[in-house]
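Please read the points with the structure open.

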Amino acid sequence: MSELSHVDQEGRARMVDVSAKAETARVAVAAGELVTTAEVVKLVRADDMPKADVLTTARLAGINGAKKTSELIPLCHQLALSSVNVTFGFTENGITIEATAKTKGPTGVEMEALTAVAVAGLTLHDMVKAVDPAAMLTGVRLLTKDGGKHGHWVRPGGAPEGGVNAGAGHADSHPTSHQAHGSEPQQAGDAGAAAFGAGRAAVVLVASTGAAAGSRTDTTGPKLTEWLTGLGFSVGVPRVYADADVAYGLSEVLAGEPALVITTGGTGASPTDATPEATLAVLDRELPGVAEAIRQRGTAKFPLASLSRGVAGLAGRTVIVNLPGSPGGVKDGIAVLEPLLEHLLAQVAGGGDHE
């Protein structure tokens with residue numbers, strides 16, 4: 001039978017003694033969402049709220065919250081945090097929040113990551129309440145954690161638990177993450193033998209100045225998210241960045257050390273297309289055959305696909321693949337990646353044979 005670590009044999013609350021535990025590198029990633037209205041999402045994206053700079057304020061609040069976790073939660077240990085990253089994304093009716101906390105020490109940083117999400121979300125609520133006092137912070141949960149004797153842990157499905165629709169009336173008009181994204185985790189049998197992503201984290205990064213500003217709707221990110229979820233990966237909502245911010249976006253997502261990052265958009269010859277350059281700057285090794293196979297598949301049906309400058313490679317143990325920003329380009333990318341991704345990830349992780 002499992003026991004609560006923070007309760008002694010007499011049922012009294014206690015701080016766990018971690019003095020005998022080994023110091024290891026520890027990382028935790030948590031997420032949540034402020035469910036609000038389409039009007040608020042548009043205002044925040046345009047940075048046109050009465051209390052501006054909404055996202056910067058919430059990001060700083062989240063980082064500060066992580067640093068003060070031991071002061072807020074009585075039995076948490078004081079940790080020397082080496083890094084806290086807080087990022088945001090957008091759905092039709094919500095602002096998603098993801099926080100990554102890192103330390104090297106004898107105990108984990110799950111509570112710091114969760115606190116960062118909660119405080120960032122509450123700050124968002126404070127910033128938008130003049131427009132939508134019924135906004136609701138929901139789905140705060142741990143996505144992944146690494147370090148210590150338990151090693152790597154990934155939340156099954158990467159989705160919120162049930163019961164986040166509490167708050168009668170408000171949930172009807174403000175869909176939760178599941179409702180807004182159509183991203184209910186698939187049953188284990190749905191993905192069949194292809195569920196090799198189980199236990200691995202993936203990130204979808206969309207490079208689109210229009211989508212980041214809210215002037216166009218991206219369809220490629222959700223398609224990739226649906227595909228990766230079907231393969232068993234733990235994957236959140238797509239991260240959307242303007243073309244000029246792709247390098248910053250890559251640095252943020254790589255801080256969480258996911259197994260896979262797939263980008264879409266920004267691979268053409270336009271002066272603003274910067275995804276390949278930003279990717280090459282973080283790669284340790286290229287995988288030119290992967291990028292060329294994606295180009296060749298697209299060119300066979302659409303000659304202009306040869307203009308894509310997308311690259312693929314490894315940043316540490318993270319596989320990064322650039323796909324074009326079109327539905328057809330993403331479809332071609334999925335067709336090329338699906339039969340080789342399992343073996344590629346196994347090799348990068350240190351396994352896999354060469355049969």
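1. A term first. A cavity here is a set of grid points where a 1.4 Å probe fits but cannot get out, and its lining residues have an atom within 4 Å of a point. Keep in mind that this is a predicted model.

2. How many cavities of 30 Å³ or more does the structure hold? The count is 1. The largest cavity contains about 40 Å³ of space.

3. Which residues line the largest cavity? They are N85, T87, E98, T100, R239 and E252. Strands β2 (81-91) and β3 (94-105) each contribute at least two residues to this lining.

4. Next, helix α2 (residues 54-67) against helix α4 (residues 110-128). Their axes come within 7 Å and cross at roughly 145 degrees. The crossing is right-handed. On the α2 side, the contact is made by V54, L55, T57, A58, A61, G62, G65 and A66. On the α4 side, E112, T115, A116, V119, A120, T123, L124 and M127 take part. By class, this contact has 10 nonpolar, 5 polar and 1 charged residues.

5. Helix α13 (residues 327-348) packs with helix α9 (residues 220-230). What angle do α9 and α13 make? It is about 20 degrees, and the axes are 10 Å apart. Angles under 35 degrees count as roughly parallel, so α9 is roughly parallel to α13. The crossing of α9 past α13 is right-handed.

6. The residues of that contact can be checked one by one. From α9 come T220, K223, L224 and W227. From α13 come P327, V330, I334, L337, E338 and L341. In the contact of α9 with α13, 7 residues are nonpolar, 1 is polar and 2 are charged.

7. Helix α12 (residues 288-301) also packs with α13. Here the angle is about 130 degrees, with 9 Å between the axes. α12 and α13 are therefore oblique to each other. This crossing, too, is right-handed.

8. Which residues of α12 meet α13? V290, A293, I294, R297, G298 and K301 do, facing D332, G333, A335, V336 and L337 of α13. The contact of α12 with α13 divides into 6 nonpolar, 2 polar and 3 charged residues.

Notes
Residues numbered from 1 in each chain as written. Predicted model: local features only at pLDDT ≥ 70, side-chain atom pairs only at ≥ 80, totals over all residues. Heavy atoms only, no water. Axes fitted to C-alpha atoms, helices over the stretch in contact; angles between N-to-C directions. Helix = DSSP H or I, 4+ residues; strand = E, 2+ residues; numbered from the N terminus. Parallel < 35°, antiparallel > 145°, perpendicular 65-115°, else oblique. Left-handed = near helix turned anticlockwise from the far one by under 90°. Contact = heavy atoms within 4.5 Å. Nonpolar A, V, L, I, M, F, W, Y, C, P; charged D, E, K, R; others polar. 1 Å grid on protein atoms, 1.4 Å probe; cavity = no way out; pocket = protein on both sides within 12 Å on 5 of 7 lines; lining within 4 Å. Points joined across faces, edges and corners; volume = space filled by probe spheres on them.
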